[in-house]
Amino acid sequence: MKSTVPERNAEEKGAPRLYRVPKYVWVTIGITLLTPLLHVIGMSNDLVNVSLIYLFPILVSAVYWGLGPAIYAASLSVIMFDFFFVPPNLSFTVADLRYIFSFVVYLAVAVLTATLSSRLRQQLEMVRQREATTNSLYALSRQMTAVADLDTLLHHIAKQVSHTLGTQAAVYLPDTHGELKVTASADEQGTAVWGGEESEIAIAKWVYRNGETAGKGSSSLRESSGLYVPLRTEDQIHGVLAVRMEASDIQEQREQLQLLEACGGLSASAIARVKLAEEARVAQMTAESERIRTALLDSVSHELRTPLTTIIGSATGLIENDAIFTPEDRKELTGNIRDGAMRMNRLVTNLLGMVKLESGMLQLRRKWCDVGDMISVVLTQVREFSKHRSIRVDLPDQPLFICGDEVLLEQVLINVVSNAIKYSPDYSEIVITFTRDERNAKLNIVVADTGVGIPDADRERIFEKFYRSESSRHITGTGLGLAICKGIVEVHGGTIRAESNPGGGTRMSICLPMEAPEALFPYRGQGEVE
Amino acid sequence: MTASQGARILVVDDEPQIRKLLKVTLQAHQFEIHECGDGDEAVTQASIVHPDLIILDLGLPGMSGMDVLHRVREWSQVPIIVLTAKEREEDKIAALDGGADDYVTKPFGMGELVARIRVALRHVARTTDEPVLRFGSLTVDLAQRQVELDGLPIKLTPTEYDMLKVLASNAGKIITQRQLLQQVWGGHHHESDSHYLRVYVGHLRKKLKEDPTQPRFIQTEPGIGYRFLLQD
């Protein structure tokens with residue numbers, strides 16, 4: 001239904017001569033063929049019926065092609081009728097002068113019928129066009145409500161308007177400096193750029209400033225090639241919608257103007273809606289970042305101050321009262337300094353990791369990693385504070401390889417294993433199990449402890465930034481570690497979740513795809529002799 | 001350890017506090033310390049004081065640490081240990097492949113730094129190639145191409161042996177994946193072949209009876225390469 005509009009437009013305006021010739025040829029051929037046919041079926045003497053049959057091509061022409069071809073058909077019919085049927089035959093001479101009168105009546109009937117039927121046709125056409133317009137406006141509005149980002153929306157508008165009006169369309173919006181620019185444009189194929197010329201932008205700017213329609217078919221700046229309507233909602237002009245105006249007929253121009261104004265209204269409200277949504281999103285983000293900033297401040301100030309206090313206290317103590325300390329005291333104090341600094345280092349690492357994840361600066365450097373290698377690095381890192389815990393690692397006999405970012409995956413394991421250590425009592429066992437899910441090419445890592453466990457209600461929330469379970473407030477932490485883990489696991493296309501350990505405590509379960517979409521493990525046999 | 005006694009070390013770092021820290025602690029370890037705060041001066045100093053080792057911060061203002069590294073490497077093979085505050089693995093790899101001998105990530109423990117310095121100095125001091133390398137229970141006889149673990153010979157494929165040879169003769173020093181590929185496979189390797197490396201290291205570890213979670217000999221430096229551990 002949509003496509004009828006441009007086709008018809010092309011027929012009416014685009015190439016009139018090309019399209020009109022066949023109509024007249026058809027009329028001529030039809031009437032020329034009708035004449036011998038009437039002779040063959042032997043109606044040549046029944047003049048009344050012959051004249052009625054000659055009305056047939058006239059009506060057909062009127063209904064299908066309009067007034068011009070109808071009058072042409074009438075004239076040709078009269079000539080044929082006169083020449084071949086009215087005595088004397090094969091001559092334009094009319095023996096009985098009454099026939100002249102019937103010719104006139106005949107012509108009059110033909111013209112009248114043609115006018116009536118062509119008007120009917122026009123009305124039908126208009127109804128069709130309205131339907132098409134309504135359809136395309138409906139399509140426009142439906143498309144616009146579905147789109148949430150401004151660029152896509154503008155592109156849709158340009159495409160749809162160009163489609164609806166069968167001409168090139170352009171949308172002008174002010175840029176960040178308030179300068180009006182072509183932000184989207186389209187022709188019927190959805191390509192091309194119109195409206196970028198200086199004169200066109202100048203008109204668009206005038207329309208934007210004055211909030212009035214301008215261009216060909218409107219009341220101002222009629223000599224320009226395009227038609228420009230402001231995109232206006234109640235209190236604001238968002239931009240300008242323009243089409244290249246090809247219609248020369250006043251009536252057609254008026255229709256196009258109406259259509260364009262309708263499109264403009266729709267587009268304006270859609271743009272306003274998107275802008276509002278954007279503002280709302282920004283506001284929400286501001287609120288969220290406000291909340292996070294407060295949490296960050298609370299957490300960081302506490303987490304930074306505690307180790308700083310021990311560092312400064314121990315260091316000043318050593319400097320100022322060096323003599324009073326025994327060697328053991330001194331060792332204790334310097335140990336304090338080291339532990340405090342280590343703790344701050346962990347915090348800074350986590351904060352930086354979070355910033356990297358959040359800012360999208362995190363780039364995966366996927367490589368094939370030996371899982372055994374990774375866990376050995378992890379254990380080396382956590383060894384210094386895993387005293388009095390036994391850590392058991394269950395690895396399959398076959399070496400396990402996973403395509404991922406080695407450093408990041410190690411960070412995940414370090415965080416999860418450190419948590420298991422932190423929240424479990426001395427002399428308890430932590431079990432790290434790696435299993436391969438061959439069928440789905442997944443690696444399952446379970447880190448199980450027998451510690452305090454996580455309340456059901458917090459199982460999801462512990463992965464949120466800065467969230468700390470009420471039940472473990474007494475244990476220091478920033479609430480960043482698991483959020484980072486989740487982020488890293490998710491960029492690898494995996495999942496991480498907390499479960500309760502059947503024997504008490506927590507089971508952190510990480511599931512990672514072992515192969516990257518484009519990388520299958522290319523291991524070939526050694527083929528070497530020992 | 002005698003090789004490192006009195007060695008002259010040039011410390012290049014733009015942070016006075018870190019220079020001071022290094023100076024005090026390294027002097028306490030009997031090293032002779034020269035220091036400078038920027039890249040241009042570092043290049044000049046390196047040619048004047050003829051240090052036995054350079055500790056170079058990669059994040060210098062002005063002429064970067066990488067530039068200093070390249071400039072010094074044009075005429076000197078002096079061991080260089082880079083300090084990097086960045087957690088970007090590719091910087092470390094670039095420095096190591098660009099001629100640095102080892103790296104230490106800030107913040108670092110002094111024990112770690114001193115150990116790295118000693119290893120680097122020792123590799124320079126070693127004039128005659130020992131035909132037999134011993135690491136606790138492991139013996140690598142380079143002349144006979146024989147490897148023994150706990151007194152029992154172990155069978156290695158030629159590739160595994162070559163890898164062990166490269167790692168063991170650089171004991172204590174970091175070997176990047178690329179260096180290892182180059183020295184074992186020669187020019188016939190591709191950057192993306194590093195997973196073969198992992199597979200071979202896996203096999204080698206198995207034959208050395210390593211506990212994959214706590215290796216005694218071959219330690220993985222995540223994202224960078226391997227380090228053959230010195231046995232205490």
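The pLDDT is the predictor's confidence in each residue, on a scale from 0 to 100. The structure shown above is a predicted model, and the mean pLDDT of chain A is 80. In this chain, 91% of the residues reach 70 or more. A stretch to read with care is residues 1-18 of chain A, where pLDDT stays under 50; for these residues the model has 22 contacts beyond four places in sequence.

Helix 3 (residues 47-65) and helix 5 (residues 98-146) of chain A have axes 8 Å apart and meet at an angle of about 30 degrees. Because angles under 35 degrees count as roughly parallel, helix 3 of chain A is described as roughly parallel to helix 5 of chain A. Their crossing is right-handed. On the helix 3 side, the contact is made by Ser51(A), Ile58(A), Leu59(A), Ala62(A) and Val63(A). Helix 5 of chain A contributes Tyr106(A), Ala110(A), Thr113(A), Ala114(A), Ser117(A), Ser118(A) and Arg121(A). Sorted by class, this helix-helix contact has seven nonpolar, four polar and one charged residues.

Turning to the meeting of the two chains, the contact takes 22 residues from chain A and 19 residues from chain B. On the side of chain B that touches chain A, helix 6 (158-169) and helix 8 (194-207) of chain B each supply at least two residues. Helix 8 of chain B gives the most to this side, with five residues. By class, the side of chain B that touches chain A comprises nine polar, seven nonpolar and three charged residues.

Technical notes:
Residues are numbered from 1 along each chain as its sequence is written. Chains are lettered from A and ligands numbered from 1 in the order in which they are written. This is a predicted model: local features need pLDDT of at least 70, side-chain atom pairs count only at pLDDT 80 or more; totals for chains, interfaces and linings use all residues. Two residues are in contact if their C-beta atoms, placed from the backbone, lie within 7 Å. Helices (H or I, at least four residues) and strands (E, at least two) are DSSP runs, numbered from the N terminus. Ala, Val, Leu, Ile, Met, Phe, Trp, Tyr, Cys and Pro count as nonpolar, Asp, Glu, Lys and Arg as charged, and the others, Gly among them, as polar. Axes are lines fitted to C-alpha atoms, for helices over the stretch in contact, and angles run from 0 to 180 degrees between N-to-C directions. Angles under 35 degrees count as roughly parallel, over 145 as roughly antiparallel, 65 to 115 as roughly perpendicular and the rest as oblique. A crossing is left-handed if the near helix is turned anticlockwise from the far one by less than a right angle, and right-handed if clockwise.
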